[in-house]
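Here are my notes on the charged pairs. Please read them with the structure open.

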Amino acid sequence: MGGGGGGGGGLTDQSQGLALHTREQLPRTTANRVFAVVYLCAIFAVLYHHFLALFHYTSIVSLLFLLADAVLAFMWATAQAFRMCPTRRRVFIEHLQDVAKESDYPGLDVFICTADPYKEPPIGVVNTALSVMAYDYPAEKLSVYVSDDGGSKLTLFAFMEAARFAAHWLPYCRRNKIDERCPEAYFGSNPSSWFLGADEIKLMYENMKVRVETVVRRGTITHDYINSKQELEAFSRWSDGFTSQNHPPVIQVLLECGTDEDVTGHTMPNLVYLSRGKNINLPHNFKAGALNALLRVSATMTNAPVILTLDSDMYSNDPQTPLRALCYLLDPSMDPKLAYVQFPQIFNGINKTDIYGSEAKHVFQIHPAGMDGLAGPIYLGTGGFFWRKVFFGGQLESSELKQGMKAIRSREVLASAHDVAQCNFESQTQWGNKMGFRYG
């Protein structure tokens, strides 16, 4: 997740102060428009030729040629809107202090979704979570929620290991101000860029990785991998009748801000594992259902005004990403109807020529820039910063969900969180229709 893409219109009025962001049309806009006119004339010429051919001699072949060219012309025409007004945005993080103090930054709840420990290896999900836990953002305002829609104790085990490793990884990132805060990516980089203590941290990471991958390979967690009575109690919820499609909700608070500290004594962000309740006789609505369960559970625990959604394998490669998002969300000159800011996706391991189109440039680079110049980009399913209120019709909290003021490990808060994560909670409600993520 790299540079920012705006989720709304409006230019910063620099007369009111320093700009939080600017927007400008890309230099290729004029060339795109001229090319579109020339290409359109060529299309009309080809279609005219086909009609003349049909008029003089009608055959199935000439009719099929006309139909094929008409379909291709329609496909080309529908894609031109993305090229008529492409824009580029630039943010000025250094100006944020003129709009809000760090203590006034809105809380941020990060949602990470995974569904299968074998199709989406837990160590990859752990790397995604660690990259956002290490954000340059106040720890007391940051919470990470992991939705395990496969209901696997293997994923829970991986995040128990991650919580312990984070106590060493987060202060290392903070002390050395490194940019790549995904451990797998960082330790895969040139060792010459590492700092003092990196070898020790890498050894910890490799040990954690081996433990997680061994447990996944075996498919079970033996007693020698369990470190405490609390962990044994957590895994005991996986009884004989527990299956991925039929089980009660499981919520485990792995880290709590204000209670858990890293090795340097700094408080750590909240880290919560969630596996929503499921019943084979009730629809679960796939990822949208998982995100709505995260919306409700997080509302009972932290209820942060801003939400970031991430796929399990989409780690963040910029520790200042939330600050970039705030340059749009907190900009007083932005459209008050601004709902979200969409960041682009960048894929690793792709050759320079990308002959197979694996980078999907049209979807993640060309189209969003073009739509940003119109009404704003679509939500790509990951990398979107949302105002929580947009999921509740403009209200910061619904009548059903209220922010808990107690510690998130308290019995009252956990009981409320389990209640809203039940498989039948959405029955006879507006969830998936007028509330939350819409179901297809």
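1. Start with glutamate 161. In this predicted model, glutamate 161 forms a salt bridge with arginine 211. Their closest N and O atoms are 2.9 Å apart. Glutamate 161 sits in helix H5 (residues 153-176), and arginine 211 sits in helix H7 (residues 198-218), so the pair ties together parts that are 50 residues apart in sequence.

2. Is glutamate 161 buried or exposed? Glutamate 161 has a relative accessibility of 7%. The cut-off for buried is under 20%, so glutamate 161 counts as buried.

3. Salt bridges link Glu161, Arg164, Arg211 and Glu231.

4. Next, look at arginine 409. Arginine 409 forms a salt bridge with glutamate 256, with 3.5 Å between the closest N and O atoms. The two residues are 153 residues apart, and the pair links distant parts of the chain. Arginine 409 is in the loop between strand S9 (384-387) and helix H12 (411-420). Glutamate 256 is in the loop between strand S5 (250-255) and strand S6 (270-275).

5. Glutamate 256 is buried, at 6% relative accessible area. Arginine 409 is partly exposed, at 33%.

6. Which residue forms a salt bridge with aspartate 318? The partner is arginine 324, and the closest N and O atoms are 2.6 Å apart. Aspartate 318 is buried, with a relative accessible area of 13%. Arginine 324 is partly exposed, at 22% relative accessibility.

7. Finally, the total. A search of the whole structure finds 16 salt bridges.

Notes:
Residues numbered from 1 in each chain as written. Predicted model: local features only at pLDDT ≥ 70, side-chain atom pairs only at ≥ 80, totals over all residues. Heavy atoms only, no water. Salt bridge = Lys/Arg side-chain N within 4 Å of Asp/Glu carboxyl O. Helix = DSSP H or I, 4+ residues; strand = E, 2+ residues; numbered from the N terminus. Buried < 20%, exposed > 50% of the residue type's maximum accessible area, 1.4 Å probe, protein only.
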